[in-house]
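Look over the sequence and the model first.

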Amino acid sequence: MSRRDPPLISTSSRSNINSAYYKIRRYFRRLFKFEQMDFQFALWQMFYLLAAPQKLTKVFRARKNFKSQYARDDPAFLILFAGALCFTSIGFAVALGYSFLQFLTFLIVEIFIDCIGIGIVIATTLWYITNKFLKPKNIPQDVEWGFAFDIHLNAFFPPLILLHFILLIFYGSVLSNASALAVVFGNAFWLAAAIYYVYITFLGYNSMQILNNVNLFLMPVPWLIFIYLITVYQGYNISSTVFTMYKQRTLL
């Protein structure tokens with residue numbers, strides 16, 4: 001490359017790459033420094049994700065104002081989230097009669113495929129879509145991939161509690177049969193979990209205030225309600241089907 005040729009990576013792009021690398025490095029360096037983590041604040045976030053997720057919008061904006069990033073720089077939420085995954089997996093092991101080996105298999109699949117693997121796909125897809133199509137061209141600020149993954153974790157937490165904790169309380173006595181009550185009541189849990197995920201995802205991206213047409217994230221809600229009504233009409237028990245699938249995949 002001659003001296004007159006422009007650099008392959010602009011100064012702005014190189015700065016963004018270095019900044020992202022620094023943030024990721026700092027985050028993982030704090031992963032085992034529990035004394036530096038704010039677990040009380042992480043618990044507060046988890047509570048409001050269930051009770052009033054719209055209140056977290058102010059938290060996202062405040063983090064951007066004070067720390068120049070939307071993504072979390074404190075691993076406390078991730079640690080507590082992993083603990084919740086382990087706790088709910090133990091509940092599954094007891095409710096579905098897993099052996100210890102089956103429990104470990106379920107836990108590994110739950111963490112690395114259902115949560116992290118699918119989460120990476122969803123976060124990367126929405127990160128690309130928001131930056132490519134929903135962000136005005138004249139705004140230099142981008143949606144951070146780390147924030148996109150944070151949004152996934154936020155949105156994943158209420159369904160985790162609804163489906164892998166509360167639902168299990170009713171599964172053995174109510175939802176494991178083919179009665180109309182089991183279908184209506186049980187499928188309502190899955191509808192609520194799906195709407196929670198969509199709504200919290202919408203709130204996360206809406207908090208940035210640099211994106212256009214964010215209401216598009218709410219488009220799946222009518223379809224989710226329609227699918228719920230179809231499953232009720234057909235007498236299709238989602239809980240029974242999914243828990244059977246969980247049982248089978250631990251035998252692989």
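This is a predicted model: local features need pLDDT of at least 70, side-chain atom pairs count only at pLDDT 80 or more; totals for chains, interfaces and linings use all residues.

Residues are numbered from 1 along each chain as its sequence is written, and side-chain values use heavy atoms, with hydrogens and water left out.

**Fold.** The protein chain has nine helices and zero strands. Helices (H or I, at least four residues) and strands (E, at least two) are DSSP runs, numbered from the N terminus. Buried residues make up 43% of the 252 residues. Buried means under 20% relative accessible area, exposed over 50%, and partly exposed in between (1.4 Å probe, protein chains only). Of the contacts with a separation of 6 or more, 77% join residues 24 or more positions apart. A contact means heavy atoms within 4.5 Å.

**Core.** In soluble globular proteins, nonpolar side chains tend to be buried together. Here the largest nonpolar core has 61 residues. Such a core is a set of buried Ala, Val, Leu, Ile, Met, Phe, Trp, Tyr and Cys residues joined through side-chain atoms within 4.5 Å. Phe81, Phe157, Tyr205 and Phe243 have the most contacts inside it. Two or more core residues come from each of α2 (39-51), α3 (56-67), α4 (76-95), α5 (100-134), α6 (145-175), α7 (180-206) and α9 (238-249). The most come from α6, with 15 residues. Leaving out residues up to four places away in sequence, Phe157 touches Met46, Leu49, Leu50, Phe81 and Ala84.

**Voids.** The search uses a 1 Å grid over the protein atoms alone. A cavity is a set of points where a 1.4 Å probe fits but cannot get out; a pocket is an open set with protein on both sides within 12 Å along at least five of seven lines; lining residues have an atom within 4 Å of a point. Points are joined across faces, edges and corners, and a volume is the space filled by probe spheres set on them. One cavity of 30 Å³ or more is found in the whole structure.

| Void | Volume | Lining by class |
|---|---|---|
| Largest cavity | About 60 Å³ | six nonpolar, three polar, no charged |

Nonpolar covers Ala, Val, Leu, Ile, Met, Phe, Trp, Tyr, Cys and Pro; charged covers Asp, Glu, Lys and Arg; the others, Gly among them, are polar.

Of its 19 lining residues, Asp114, Phe156, Pro159, Leu163 and Trp190 are the closest to its centre. The largest share of this lining, six residues, comes from α6. The largest cavity is lined by Leu49, Pro53, Leu56, Thr57, Phe60, Asn154, Ile200, Leu203 and Gly204.

**Helix α4.** At 1.5 Å a residue, the 20 residues of α4 should span 28 Å, and the end C-alpha atoms are 29 Å apart, which agrees. The expected span is 1.5 Å times one less than the number of residues. Buried residues of α4 include Phe77, Phe81, Leu85 and Phe92. Just after α4, Gly97 takes a positive phi of about 70°.

**Loop residues.** Gln209 is not a glycine, yet has a positive phi of about 60°. Gln209 sits in the loop between α7 and α8 (220-234). Its relative accessibility is 59%, so Gln209 counts as exposed. Asn213, also not a glycine, has a positive phi of about 55°. Asn213 lies in the loop between α7 and α8 and is exposed, with a relative accessible area of 54%.
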